[in-house]
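Please look through the sequence and the model that follow, and keep both in view while you read.

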Amino acid sequence: MGKTYERIDGRLRTFIEAQPLFFTATAPLSADGTVNLSPKGLKGSFVILDELTVAYLDFAGSNAETIAHLRENGRITLMWCAFQGPPNIVRVHGTGEAVLRDDPRFAGLLARFPDIDPAPHGLRAIIVVRAERIRDSCGYSVPFMAYEEDRDLHGRRFAREDDDSLSAYFASKEHIATSLDGLPGLPLPLPPSAV
């Protein structure tokens, strides 16, 4: 049923790149810490950088759990499910890093996302994940669901923010600078946008 892969290429890469939705999972080191699971979408916000490295754009939201967990321990799992076509689930277990807007690598990484305008979404960071284990499994119990289109609500909501108002929005949220478990989250104020 399940198979382990040495790299993200061929059929596996084609499958991952075709999915409009994926999930990220992270957790703190604390045994009683909060496990975080997040859906990610928006066409063009995910790229495969090389056979073992992927990245996605981290946009504005009301929490920053992924960033906090990656800053503490780097552990992350990404998962894609086939909601159409043959059943399949792919997981990439790896080590991740939040590349923040003032990082010298940020502009070069951002150029790898040519199919999306990140400006209206309140871009906070680019999450880069280095794969340590790549596996698929059957997905026989995953339901069929049809993708219609991306929602435009996120872009409409955050397009009206500039760097100052976005920083103020993040500062007003309880779990942006600090995670649910008290870990350091997104450093504030945000550095100026590179876009």
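**A walk through the model**

The sulfur of Cys138 has its closest cysteine sulfur in Cys81, at 11 Å, which is too far for a bond. This is a predicted model, in which local features need pLDDT of at least 70 and side-chain atom pairs count only at pLDDT 80 or more, while totals for chains, interfaces and linings use all residues. Residues are numbered from 1 along each chain as its sequence is written, and side-chain values use heavy atoms, with hydrogens and water left out.

A search of the whole structure finds zero disulfides, a disulfide being a pair of cysteine sulfur atoms within 2.5 Å. Cys81 is buried, with a relative accessible area of 8%, whereas Cys138 counts as partly exposed at 24%; here buried means under 20% relative accessible area, exposed means over 50%, and partly exposed lies in between, with a 1.4 Å probe and protein chains only.

Turn next to the helix α1, which spans residues 10-18; helices (H or I, at least four residues) and strands (E, at least two) are DSSP runs, numbered from the N terminus. Leu12, Phe15 and Ile16 are buried in α1, and seen down the helix axis the buried residues fall within an arc of 95°, so they line one face of the helix. The arc is that of the directions from the helix axis to the C-beta atoms. On the face of α1 turned away from this buried side are the exposed residues Arg11, Thr14 and Ala18. An α-helix has 3.6 residues a turn, so residues three or four places apart point the same way.

The largest pocket holds about 1,400 Å³ of space. Of the 46 residues that line this pocket, the closest to its centre are Pro20, Leu21, Lys40, Gly41 and Leu42. A pocket is, on a 1 Å grid over the protein atoms alone, an open set of points where a 1.4 Å probe fits, with protein on both sides within 12 Å along at least five of seven lines, and lining residues have an atom within 4 Å of a point. The volume is the space filled by probe spheres set on the points, which are joined across faces, edges and corners. The largest share of the lining, four residues, comes from β3.

Finally, Arg130 lies in strand β8, residues 125-137, and is partly exposed, with a relative accessible area of 42%. Arg130 and Gly74 are 56 residues apart in sequence and 10.0 Å apart in space, C-alpha to C-alpha.
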